[in-house]
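Here are my notes for going through this one with you. Please keep the viewer open while you read, as the points hop around the chain.

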Amino acid sequence: MQKRRASSPVFVVIVFFLFVLLHQTDKLLIGSLQIPISKTFDLNDLEWGYINSFALGVGTLFYPIWGYLYDRYARAKLLALASFIWGATTWLSSIVKTYPAFLITRSSTGIDDSAYPGLYSLVGDYFGPKLRGKVYGVLQLAQPIGYLLGMILALMIAPSLEGKIFHMEGWRTLFLGTGLLGIVMAILIYFGVKDVPRGQSETEFEGVAEMGQFRFSWSSLKDVMKKRTMWFVILQGFAGVFPWNVITYFFFGYLMTERGYDNNSVLFTMGPVVLILAAGYFVGGALGDWLFKRTLKGRILVSSAGVLLGALFLFLALNTPIEDKNTFFVFMCLTALFMPFSSPNVTSTVLDISLPEIRSTAQSVEYFFENFGAVSAPILAGAIALTTGSKQYAILVVCITAWVLCFFLYLGALFFVDKDIKSLHAQLAERAKSM
């Protein structure tokens, strides 16, 4: 197979940015719609937690399936399939009439939620190790922008759509629209994005005229799972998703019911916070790349600083008196800046220690264990909130505990990451010699 790039790298990043942006808008829209959806189905906090946890559970089960398929077959075509599934399952969620049916259809949206490892693996073959953190940061900043877009749709557009299209509630109409976008993105990815040889962007293959076709290998997957860095990455992933899911699915309800915010107050407070969160992905990825060039521990150091500072500022924000809205806003902005530092650096670290032919599967394994935490988070937070009568207490307990645990797990990874990265590049160098 000739070493070539069938699509422009810039075009690929633009298309994938749009995919992540619109998919995350659809996925995270539900968090901002807690109040109207709960009103439609007469839900309490625990029943609301089940909706989100079940979708995360389905996604968890599909991670290893998607990962294996991505390492065996054309990644771009599989991403197009995932986008089509996103559209179809969202449409189903918009038309059901009972809570059990909504629980089932919303859970089915988890199938496509676990399709990201192939995207990151393909992008990793377009961009080398010294650029990946920034590129992943750009792609991942689409997630909070999608969150912000979903928030605007939920708080400003949904009420205006109430009863205007097929006499449907506004939230149902939104789901019809975001489902349509999934179909459009499926067509764009299928015809516009092409695969490239696995591993072509690694420095060891510079100047290699013809790339070999690396095939998925169970022994290679087994080898990466033996690496101590991977152990710590998986463990911190399990803990690290608790805060994200608790904040995603409970923070809007907390602002409205316990801090007395109306729709406009939520939007004007959280809008800037989410934009800063988006910038945090790129800042974290760029810092990781910068420090990685100086020490192989760089990405882990940036990640550990992010979780510690995020925990500190969230604690300060939620303990700010209700009437002191300006101080609350400042602390939430600082929380948002540091929260996403880990994300692009963890994704890059998994690629830094994995052979090209098993990178999607390695990412999927990490996400699989990560999502066990994600599945538990909404139910745990819902149960704590229901028992104590306080969403604030539930958010604080879950988030602070998880981030402090992540910090210590990152410290463990620092002892092994140098050796594991050097081991991978030694293997790649041997392959390059034989080509």
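Predicted model: local features only at pLDDT ≥ 70, side-chain atom pairs only at ≥ 80, totals over all residues.

1. Burial first. Of the protein's 435 residues, 60% count as buried, where buried means under 20% relative accessible area, exposed means over 50%, and partly exposed is in between (1.4 Å probe, protein chains only). Residues are numbered from 1 along each chain as its sequence is written, and side-chain values use heavy atoms, with hydrogens and water left out.

2. Overall fold. The secondary structure comes to 18 helices and zero strands; helices (H or I, at least four residues) and strands (E, at least two) are DSSP runs, numbered from the N terminus. The C-alpha trace spans about 65 × 45 × 30 Å along its principal axes.

3. Contacts and surface. Among contacts with a separation of 6 or more, 84% come from residues 24 or more positions apart, a contact being heavy atoms within 4.5 Å. The accessible surface is about 16700 Å², and 70% of that belongs to carbon and sulfur atoms. Areas come from the Shrake-Rupley method with a 1.4 Å probe; for residues, only the protein chains shown count as cover.

4. Charges. I'd note 34 positive and 28 negative side chains, with the centres of the two sets 7 Å apart. Lys and Arg count as positive, Asp and Glu as negative, while His and the chain ends are not counted. Each charge is placed at NZ of Lys, CZ of Arg, CG of Asp or CD of Glu.

5. Aromatics. How many aromatic pairs does a search of the whole structure find? The search finds 23, counting rings of Phe, Tyr and Trp (its six-membered ring) whose centres lie within 6.5 Å; planes under 30 degrees apart are stacked, over 60 edge-to-face, and the rest tilted. Y68 and W218 are stacked, because their ring centres are 5.8 Å apart and their planes meet at 15°. This pair links distant parts of the chain, with Y68 in helix α3 (residues 45-72) and W218 in helix α10 (residues 218-225), 150 residues apart. Y68 is partly exposed at 28% relative accessibility, whereas W218 is exposed at 59%.

6. F368 and F369 make an edge-to-face pair, 5.4 Å centre to centre with 85° between the planes. F369 is partly exposed, at 36% relative accessibility.

7. Helix α5. This helix (residues 99-108) is largely enclosed by the rest of the structure, because seven of its 10 residues are buried. The buried ones are Y99, F102, L103, T105, R106, S107 and S108. What do they pack against? Their partners are α1 (9-32), α2 (34-41), α3, α4 (75-95), α6 (110-113) and α9 (170-192).

8. V96 is in the loop between α4 and α5 and is buried, with a relative accessible area of 13%. Not counting residues up to four places away in sequence, V96 touches F41, A101, F102, T105 and R172. V96 and R172 are 76 residues apart in sequence, yet 9.3 Å apart C-alpha to C-alpha.

9. D42 isn't a glycine, but has a positive phi of about 55°. D42 is in the loop between α2 and α3 and counts as exposed, at 66% relative accessibility.

10. Two last positions. A311, in helix α13 (residues 298-318), is buried at a relative accessible area of 7%. Leaving aside neighbours within four places in sequence, A311 is in contact with I400 and W403. L69, in helix α3, is partly exposed at 26%.
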